[in-house]
Amino acid sequence: MKETILTQKEVNEAFINAKLEEDYNFLQDDLVKLAHAFIDAAKPKMIKMERAECIKVARSVNHLVAERIEQVRNKA
């Protein structure tokens with residue numbers, strides 16, 4: 001089963017708050033599919049950015065720990 005990142009309600013709220021130029025009449029299921037497609041497309045970049053930030057924080061505390069985290073992450 002695929003992990004649900006956003007609920008249907010959250011997708012609907014995001015769609016309403018997007019203030020699109022045109023009025024679109026999407027089915028709720030299609031909105032959810034579209035939202036998850038965007039999330040799936042962005043997920044690798046978001047993960048990479050989060051890891052870089054974690055290493056930056058670790059480096060500010062202990063550079064040896066940060067180097068070890070980078071070594072482990074590069075093997076994965």
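Glu53 and Lys56 sit three residues apart in helix 2, about one helical turn, and their side chains meet in a salt bridge (3.9 Å, N to O). A salt bridge here is a side-chain nitrogen of Lys or Arg within 4 Å of a carboxyl oxygen of Asp or Glu. Helices are DSSP runs (H or I, at least four residues), numbered from the N terminus. The model is predicted, with local features needing pLDDT of at least 70 and side-chain atom pairs pLDDT 80 or more, while totals for chains, interfaces and linings use all residues. Residues are numbered from 1 along each chain, and side-chain values use heavy atoms, without hydrogens and water.

The whole structure has three salt bridges.

| Pair | Distance, N to O |
|---|---|
| Glu53 and Lys56 | 3.9 Å |
| Lys43 and Asp40 | 3.8 Å |
| Arg59 and Glu70 | 2.9 Å |

Arg59 lies in helix 2 and Glu70 in helix 3 (residues 63–75), so this pair ties together parts eleven residues apart in sequence. Lys43 and Asp40 are both in helix 2, three residues apart.

Accessibility is classed by relative accessible area (buried under 20%, exposed over 50%, partly exposed in between; 1.4 Å probe, protein chains only). Lys56 is exposed at 54%, whereas Glu53 is partly exposed at 40%. Arg59, at 38%, is partly exposed, and Glu70 is partly exposed at 30%.

Leu34 belongs to helix 2 and is partly exposed, with a relative accessible area of 35%. Leu34 is among the residues lining the largest pocket, as are Leu31, Ala35 and Phe38. Helix 2 gives the largest share of that lining, four residues.

Notes. On a 1 Å grid over the protein atoms alone, a cavity is a set of points where a 1.4 Å probe fits but cannot get out, and a pocket is an open set with protein on both sides within 12 Å along at least five of seven lines; lining residues have an atom within 4 Å of a point. Helices (H or I, at least four residues) and strands (E, at least two) are DSSP runs, numbered from the N terminus.
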